[in-house]
Amino acid sequence: MQLFSAQLVIAGLRRSNHVRLWASSRHGYSSQVEYKPIRSVLVANRGEIAIRVFRACTELGIRSVAIYSEQDKMHMHRQKADESYLVGKGLAPVEAYLNIPEIIRVCKENDVDAVHPGYGFLSERSDFAQSVIDAGLRFIGPSPKVVQQMGDKVAARQAAIAAGVPIVPGTDGPVTTKEEALEFCQKHGLPVIFKAAYGGGGRGMRVVRKMSEVEDNFMRASSEAKAAFGNGAMFIEKFIERPRHIEVQLLGDKAGNVVHLYERDCSVQRRHQKVVEIAPAPRLPIEVRDKMTEYAVRLARHVGYENAGTVEFLADESGNFYFIEVNARLQVEHTVTEEITGIDLVQSQIRVAEGMTLPELGYTQENIKPQGYAIQCRVTTEDPANDFQPNTGRLEVFRSGEGMGIRLDSASAYAGAIISPYYDSLLVKVISHASDLQASASKMNRALREFRIRGVKTNIPFLLNVLENQKFLNGVLDTYFIDEHPQLFRFAKSKNRAQKLLNYLGEVLVNGPTTPLATKLKPAEVDPHVPQLPLVTEPPRGLKQILQEQGPIGFAKAVRAQKNLLLMDTTFRDAHQSLLATRVRTHDLLKISPFVAHKFSNLYSLENWGGATFDVALRFLHECPWERLEEMRKQIPNIPFQMLLRGANAVGYTNYPDNVVFKFCELSVQCGMDIFRVFDSLNYLPNLILGMEAAGNAGGVVEAAISYTGDVSDQKKTKYDLKYYTNLADELVKAGTHVLCIKDMAGLLKPQAARYVSYFVMKHMLMYFTIFVAYSSRRYVTSIQISPYIFTHMIPLAQESLRCWHARKLEQMWWMWR
């Protein structure tokens, strides 16, 4: 009832512009507390924590604002916010999220009220908190002074001593040299632990048990700390053997009220990185819990802490515990505390930042009671069988485990998501909640077994081994748990039967079965008849000779000077690509080549290469495409050869380095290629121009293609209008094309639209022009000097083009037919 009443109070305050003040001056808290509703929140973070805050904002009716780096432009957290803005253009992936001036600029330009730092990145940077406040915004977290004090391990340690909180013996200040480290170790003895003075998360942390290893470990830890936090100063303290890592969740307001939300056990760690978290801590004596939470609240009040934070302790087997540090932010494992207390920590952070007090929210210590046990497992894209090396790639399959008592917090967990190497490897946080530890572990085990993730490796097999360990199930934990259980790293190999079966079916459907068929019928033995040739030694002279003598420009002039109908034969490539999946062998092509050379010497060109030819020859026919080109050139020396070049992709299915494309075109010309039809399906000029330059530099005839889309005959459709095509044609002509092609790949070009495109491009450019029309197994090309092909599979357009040619509507034309 008290929580319900608090919700009514909040709703009433949000609807009004009422401002109320409290007087308070204890422990550094503000003497005046003003309530002011927050209308919009920018999250200076990415991934699952950003989405977690966005969801809280949505539930509170607050506008959410995301920032994203260039590498995160397709990331899910950008899609989950009401608005999103690019930051750090041109910067490294991590640096983009550390660009304080740009983040502040985005806030001020887009009417943002408050900033939530999430965890990691800028969350523990006091200069960021101060910059937010200086910009007239609200920082959803502790005050900059407290962030600075708690972020400095030495200052935090001094505050703990002043508050009467037990501490581990350690250095009084940051240590910067290996000589100071050695002196401390000699004075206080070993073992000791080195920790980064200005950061956390396990980075820059080393345990030293031998005096001979002190100097080397100090230098390594300092170097790691400097790389992660910009400062290599270290804090040294006595190392507690076999400790438990217990942390207390706190929540404070601006009026000086502080409550604890009980503790979490984070002892299951690997290399000081938390793997599994439990709330509340199992097998922790009640008297120890009460003392620990009391000390945590006392420290928070002493430093004037407000908003959410965590006080971390090390507890030994004798019931003693020692202060480690304060995390002045929300933590990754806050979820388990939310599950056992029913309190939304992120919403509470926002409400406190607005000026609400804990009593108004219904959060008094006597009202906060833990219910059951919650476990969080961090599913990461790391390979536990390979020393937990990060794994990147595309999620081919993703199916999650769900059900009663299971919560999932994620950002990139869906089929098709790209796991990049730039950021943390966390894929999804899985949280289970049940009445006791064993029941919660059982739910978690079941949920993780329901996961199906393919495309990248994950640590799920390792997590399952942890969940089935008897010591874990009984709550007998310390920070040596993983190190002392090598059986956790024994994994059963995944059978992955479903994906293997699908891959096999796909292979059979595309390439045919590789096993004998259930039939005695044999393939037909057909020996095609090849017409006899006249008894002449050389085929007649053709356009190939003109190209050899006069070059590409002279060739283009000679073609434009033709008065008669010219034909192009694409049987040697596009016909058997469309009808027979490009499976006709070089052996069969060469058998008919001499006849073609003698009987079709007046062809404009012979399209016999490029497109899928290269790929199929290598992968399926197991023959050399270069040898095909060379052998055909020997048999057909008089007809120009033509190929399809996919711009910067050459004849492949990915973008290649520029020098590869240039060398490919050079070798193609050397082996006999003449005309290069260059296209890019998105009309991306850099890709087109690269292919054109490569073909032109190699000495080939350049035929640039414009991919047609839209409908120029419909004046209501203005995105792809005649101006778009004429401008694009201008650019291609400037780039040096000899022939211009309009390629209708999707059959969208209507006859009326074809007439518009032909007429206006010709009129605009004052040059001759080629229309390429295809349907069924025939292909026509209409030309008026330089050339857009209009390439289509629409029979009405082909008929319209024929009618135009007969009527001479487009002035002088020549036709190519296959």
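Reader: Why is Arg-452 called partly exposed?

Author: Arg-452 has a relative accessibility of 33%. Buried means under 20% relative accessible area, exposed means over 50%, and partly exposed lies in between (1.4 Å probe, protein chains only). The value of 33% falls between those limits, so Arg-452 counts as partly exposed. Please note that this is a predicted model, in which local features need pLDDT of at least 70 and side-chain atom pairs count only at pLDDT 80 or more, while totals for chains, interfaces and linings use all residues. Residues are numbered from 1 along each chain as its sequence is written, and side-chain values use heavy atoms, with hydrogens and water left out.

Reader: Where is Arg-452 found, and which residues form the positive surface patch?

Author: Arg-452 is found in strand 22, residues 452-454. Strands (E, at least two residues) and helices (H or I, at least four) are DSSP runs numbered from the N terminus. The positive surface patch is formed by Arg-399, Arg-452, Lys-495 and Arg-497.

Reader: What makes a group of residues a patch?

Author: Patches are made of residues with over 30% relative accessible area and no salt bridge; like charges are joined within 9 Å, and nonpolar side chains (Val, Leu, Ile, Met, Phe, Trp, Tyr) within 5 Å. Arg-452, at 33%, therefore passes the limit of over 30%. Lys and Arg count as positive and Asp and Glu as negative, whereas His and the chain ends are not counted.

Reader: Which residues form the negative surface patch?

Author: Glu-179, Glu-180, Glu-183 and Glu-215 form the negative patch. Helix 9 (residues 178-188) gives the largest share, 3 residues, while Glu-215 has its place in helix 10, residues 214-229.

Reader: Which parts does the salt bridge of Arg-329 and Glu-124 tie together?

Author: The side chains of Arg-329 and Glu-124 meet at 3.0 Å, N to O. Arg-329 lies in the loop between strand 13 (321-327) and helix 12 (334-341), and Glu-124 in the loop between strand 4 (114-116) and helix 6 (126-134), so the bridge ties together parts 205 residues apart in sequence.

Reader: Is Arg-329 buried or exposed, and what is the term for Glu-124?

Author: Arg-329 has a relative accessible area of 13%, which is under 20%, so Arg-329 is buried. Glu-124 has 30% relative accessibility and counts as partly exposed.

Reader: Why is Arg-628 called buried?

Author: The relative accessible area of Arg-628 is 2%, and this is under the limit of 20%, so the term applies. Arg-628 also forms a salt bridge with Glu-623, the closest N and O atoms being 2.8 Å apart.

Reader: What is remarked about the phi of Phe-388?

Author: Phi of Phe-388 is near 55°, a positive value in a residue other than glycine. Most residues other than glycine have a negative phi, and most peptide bonds are trans. Phe-388 is found in the loop between strand 15 (382-383) and strand 16 (389-390), and at 8% relative accessible area Phe-388 is buried. Phi of Ala-581 is also near 55° and positive; Ala-581, at 38% relative accessibility, counts as partly exposed.

Reader: Which residues does a cis peptide bond join, with omega about 5°?

Author: That bond joins Leu-190 and Pro-191, and Pro-191 has its place in the loop between helix 9 and strand 6 (192-196). A cis peptide bond with omega about -10° joins Ala-279 and Pro-280.

Reader: How do you know that the reach of helix 18 is close to the expected one?

Author: The expected span of a helix is 1.5 Å times one less than its number of residues. Helix 18 (residues 497-511) has 15 residues and reaches 21 Å from its first C-alpha to its last, close to the 21 Å expected. Gly-512, whose phi is positive, near 85°, follows helix 18.

Key. Accessible areas come from the Shrake-Rupley method with a 1.4 Å probe; for residues, only the protein chains shown count as cover. A salt bridge is a side-chain nitrogen of Lys or Arg within 4 Å of a carboxyl oxygen of Asp or Glu. The place of a charge is taken as NZ of Lys, CZ of Arg, CG of Asp or CD of Glu.
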